[in-house]
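The following paragraphs lead the reader through a single structure, step by step. Please keep the sequence and the model in view while reading.

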Amino acid sequence: MTPKVGLLLAASCVAAIAAVGCVFELASGVPKYGSLTTAVILIVSAPATIYLFITAVKEGRKVQ
């Protein structure tokens, strides 16, 4: 694994944690940062998780 692939995977994990956290915050009914901000974070982090993971896999396959 190259440093680039590791960084992409780490970013994907952080984005996934943010997305899951936003879902729980919104489900609680009283998000800490407000509904709009939390929804925006969710809207950005969910697709970012998928994109970063797929990119990491593609980069990892190039190395082999």
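**Salt bridges, helices and surface**

K4, E59 and K62 are linked in a network of salt bridges, a salt bridge being a side-chain nitrogen of Lys or Arg within 4 Å of a carboxyl oxygen of Asp or Glu. The model is predicted, so local features need pLDDT of at least 70 and side-chain atom pairs count only at pLDDT 80 or more, while totals for chains, interfaces and linings use all residues. Residues are numbered from 1 along each chain as its sequence is written, and side-chain values use heavy atoms, with hydrogens and water left out.

By the rule above, the count of salt bridges comes to 2. One of them joins the side chains of E59 and K4, at 3.6 Å from N to O. E59 lies in helix α2 and K4 in helix α1, so this pair ties together parts that are 55 residues apart in sequence. Helices here are DSSP runs (H or I, at least four residues), and they are numbered from the N terminus. K62 also forms a salt bridge with E59, and the closest N and O atoms are 3.3 Å apart. Both K62 and E59 lie in helix α2, 3 residues apart, which is about one turn of the helix. An α-helix has 3.6 residues a turn, so residues three or four places apart point the same way.

The surroundings of these two residues can be described by relative accessible area, where buried means under 20%, exposed over 50% and partly exposed in between (1.4 Å probe, protein chains only). E59 is buried, with a relative accessible area of 17%, whereas K62 counts as exposed at 63%.

How far should helix α1 span, at 1.5 Å a residue? Helix α1 covers residues 3–28, and its 26 residues should span 38 Å; the expected value is 1.5 Å times one less than the number of residues. The end C-alpha atoms of α1 are 37 Å apart, which agrees. Just after α1, G29 takes a positive phi of about 95°.

The buried residues of α1 are V5, L8, S12, A15, A19 and C22. What covers them includes α2, which runs over residues 35–63. S12 illustrates this arrangement: the residue is found in helix α1 and is buried, with a relative accessible area of 5%. Leaving aside residues up to four places away in sequence, S12 touches T49, L52 and F53, a contact being heavy atoms within 4.5 Å.

C22 counts as buried at 7% relative accessibility, while C13 is partly exposed at 47%. The structure holds 0 disulfides, a disulfide being a pair of cysteine sulfur atoms within 2.5 Å. The sulfur of C13 has its closest cysteine sulfur in C22, 16 Å away, and is therefore too far for a bond.

I50, F53, I54 and V57 make a nonpolar surface patch of about 350 Å². Patches are made of residues with over 30% relative accessible area and no salt bridge, with like charges joined within 9 Å and nonpolar side chains (Val, Leu, Ile, Met, Phe, Trp, Tyr) within 5 Å; the areas come from the Shrake-Rupley method with a 1.4 Å probe, and for residues only the protein chains shown count as cover. The C-alpha atoms of V44 and M1, which are 43 residues apart along the chain, are separated by 27 Å.

Definitions and conventions: Helices (H or I, at least four residues) and strands (E, at least two) are DSSP runs, numbered from the N terminus.
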